[in-house]
Amino acid sequence: MNALAGTLRVVRGHWRTGWPSLLLWPAAMAALVIGAAAGVMALYPSAESRELYAATLGASPAGRAFNGRWQDLGSLGGIAAYEVGFMGLLFFPPIALHLAVSRTRAEEDSGRAELLTAGRLGRLAPLVGALITLTVVFVVFGCATVAGLAASGLPLRGSMWYAGSLALFAWWFGAVGLLAAQLGRSARTAMGLGLVIAFGMFLVRAVIDGREIAAEWVTPMGWLPLVRPFSAEPTALPLVGFGITGLVVLLVAGLIAVRRDLGAGLFTPKPGPVHGSALLGSPVGVAWRLTRGGLLGWAVGLILWGAAIGTLAAEMADMVRTNPGIGAMLGSGRPEDVITALAVVVVALGGGALGLQALGVLQAEEASGRLGLVLSAPARRWQVWASWWVVIAVEMAVAMGLGATALGLSTQWVTGRSGAIGDAMIAGSAYAAPILGLVACAALAAMLARGGLLVGWLLLGWAAVVGLLADTLRLPEWSRQLSVLEHVGRVPIEAARTTTVLTFLALALVAFVAATIRGQVRDLRAG
């Protein structure tokens with residue numbers, strides 16, 4: 001049979017069953033870019049304001065580490081690309097990975113791919129069909145972005161270069177997701193592998209750009225600024241790099257897809273021990289066993305993040321000493337406080353993602369019927385639910401605590417200031433309370449409705465937008481207050497609002513108790 005037989009039927013199936021998400025994601029990505037561009041045009045209307053931006057915020061080591069080493073910051077387009085930098089570099093890749101894995105490996109996990117392959121479907125049809133779908137999605141994103149940027153007043157030529165580079169960047173990570181789907185044996189494994197690759201590239205790029213090391217080509221995340229889309233002579237070489245390396249990744253994915261069995265992967269789990277530990281006989285042990293992998297991954301990632309960003313405090317301090325106006329613009333006389341405030345926001349977001357991911361594992365266990373087997377043992381329902389909440393809360397605290405500690409140690413090492421560790425820990429503790437409250441409310445929503453967990457992800461995503469792009473997007477005050485992190489303040493630049501922290505802790509306790517009570521009275525969804 002032709003290896004590509006039935007490819008168009010696969011593509012039609014993707015759009016018939018998943019068109020809302022296939023249109024929602026590119027629309028959200030385009031809205032972020034267009035909103036940042038519109039905000040930049042309002043905030044920096046004059047040439048003098050743009051030159052001041054380039055000499056202060058644009059020259060900040062922390063800014064380069066977060067956003068990338070963008071050039072042409074004297075133009076509106078350059079500033080817009082710089083402001084989108086962090087959100088684009090860190091959040092566009094997971095979106096592309098999710099779209100790729102959900103159209104390939106998740107289809108195998110659900111059994112739908114097996115039904116399709118029972119008919120006249122070639123071995124490469126699922127992979128190529130997913131590639132065509134992803135390509136269409138990112139073409140839609142690119143076209144919408146070009147139209148929005150041009151309508152905002154940016155040059156059409158630069159808008160086309162910039163939107164094209166973003167679309168190709170996202171497409172490249174979609175190709176990585178398609179390869180990860182062939183390597184992992186489940187959607188969770190594939191998504192985790194893709195996220196490790198993306199986050200590792202981001203950390204490497206952050207260190208290179210923050211320290212202005214001449215090694216931008218080491219990781220594809222450093223290629224975007226090299227395009228210089230709003231300059232007089234944009235560079236196409238990075239786009240060629242995305243295309244060639246993406247095709248190589250797809251070629252490897254295709255070679256694996258032709259040879260592997262349906263449902264199998266290149267990385268297969270090892271057989272477990274013959275006898276389980278005594279801890280597995282308790283609800284706490286089961287929850288820990290199922291979520292410890294997520295804790296390990298997020299803890300390592302946050303430790304590396306904190307250690308990498310903290311090393312930039314010395315460069316930031318030197319810059320403030322030579323230009324005291326930068327400290328005044330950033331709202332703090334101590335540059336390490338600015339670094340800490342920015343880095344701890346990401347640590348808190350990572351802790352929230354860890355908690356929501358663990359809730360997703362619990363939902364998957366219930367949907368598969370395995371949770372019903374656990375409840376068939378002599379364990380009361382409230383013990384099972386409460387055990388999960390405790391394990392999730394402890395794991396979140398551990399991951400955020402390790403990330404904040406690494407940040408403080410790194411900052412103290414490069415600056416010699418003994419209070420850096422304490423400041424990082426205080427900031428991490430202040431942000432942990434609202435994030436824990438958010439996850440607890442998401443747990444209650446998940447117990448009340450099947451799609452309740454989505455509320456938690458939406459609130460976490462909004463917290464990221466407000467924490468990193470509120471000023472650029474010129475968000476109104478009421479919308480900023482929808483972010484749980486906004487109520488705590490910019491710690492340690494500002495003192496933590498103790499009453500607010502205690503209120504969020506009380507909210508978390510009440511929500512977890514309510515979720516436990518709800519779990520007592522409702523039926524399991526399977527099993």
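Which helix is Ala 287 found in? I looked it up first. Ala 287 is found in helix α11, residues 283-310. I note here that the model is predicted.

**Entry: Ala 287**

I then listed its contacts, leaving aside neighbours within four places in sequence. Ala 287 is in contact with Trp 388 and Val 391. Ala 287 and Leu 149 are 138 residues apart in sequence. In space they are 47 Å apart, C-alpha to C-alpha.

**Entry: Ala 144**

Next I looked at another alanine. Ala 144 is found in helix α7, residues 125-152. Is Ala 144 buried, partly exposed or exposed? At 33% relative accessibility, Ala 144 counts as partly exposed. Beyond its neighbours within four places in sequence, Ala 144 is in contact with Ala 30 and Ile 34.

**Entry: Glu 114**

Glu 114 sits in helix α6, residues 112-117. How far is Glu 114 from Leu 262 in space, C-alpha to C-alpha? The answer is 7.5 Å, although 148 residues separate them in sequence. Glu 114 has 53% relative accessibility, so Glu 114 counts as exposed.

**Entry: the nonpolar core**

I turned to the largest nonpolar core. It has 140 residues. Which of them touch the most other members? They are Phe 138, Tyr 162, Trp 305, Leu 359, Trp 389 and Leu 485. Helix α4, residues 76-102, gives the largest share of this core, with 16 residues.

I did not count residues up to four places away in sequence. Leu 485 touches Val 345, Ala 348, Leu 349, Tyr 431, Pro 434, Ile 435 and Ala 463.

**Entry: helix α2**

Helix α2 spans residues 47-55. Its buried residues include Ser 49, Arg 50 and Tyr 53. They cover an arc of only 100 degrees around the axis, so they lie on the same side of α2. I recalled the general rule: an α-helix has 3.6 residues a turn, so residues three or four places apart point the same way. What covers the buried residues of α2? Helix α4 is included in that cover.

**Entry: Arg 205**

Is Arg 205 buried or exposed? Its relative accessible area is 1%, so Arg 205 is buried. Arg 205 has its place in helix α9, residues 187-210. A polar atom of its side chain lies 3.4 Å from the backbone oxygen of Arg 64. I left aside neighbours within four places in sequence and listed the contacts. Among them are Arg 64, Ala 65, Phe 66, Asn 67 and Gly 68. The list also includes Leu 89, Thr 219, Met 221 and Gly 222.

**Entry: cavities**

How many cavities of 30 Å³ or more are there? I found three. The largest cavity holds about 60 Å³ of space. Elements giving two or more residues to its lining are α14 (335-368), α16 (381-415) and α17 (420-448). The largest share, four residues, comes from α14. I noted some names from the lining, including Leu 359, Trp 389, Met 447 and Arg 522. Leu 359 and Trp 389 were already in my notes on the core.

Most residues other than glycine have a negative phi, and most peptide bonds are trans. I looked for exceptions.

Glu 212 has a positive phi of about 55 degrees, although it is not a glycine. Glu 212 lies in the loop between α9 and α10 (237-259). Its relative accessibility is 48%, so Glu 212 counts as partly exposed.

Arg 474 also has a positive phi of about 55 degrees and is not a glycine. Its place is in the loop between α18 (453-469) and α19. Arg 474 has 49% relative accessibility, so Arg 474 counts as partly exposed.

Which peptide bond did I find to be cis? The bond from Val 491 to Pro 492 is cis, with omega near 5 degrees. Pro 492 is found in the loop between α19 (477-480) and α20 (498-521).

How values were computed
Residues numbered from 1 in each chain as written. Predicted model: local features only at pLDDT ≥ 70, side-chain atom pairs only at ≥ 80, totals over all residues. Heavy atoms only, no water. Core = buried A, V, L, I, M, F, W, Y, C linked by side-chain atoms within 4.5 Å. Buried < 20%, exposed > 50% of the residue type's maximum accessible area, 1.4 Å probe, protein only. Contact = heavy atoms within 4.5 Å. Polar contact = N/O pair within 3.5 Å; in protein donor to acceptor, adjacent residues only side chain to side chain. Arc of directions from axis to C-beta. 1 Å grid on protein atoms, 1.4 Å probe; cavity = no way out; pocket = protein on both sides within 12 Å on 5 of 7 lines; lining within 4 Å. Points joined across faces, edges and corners; volume = space filled by probe spheres on them.
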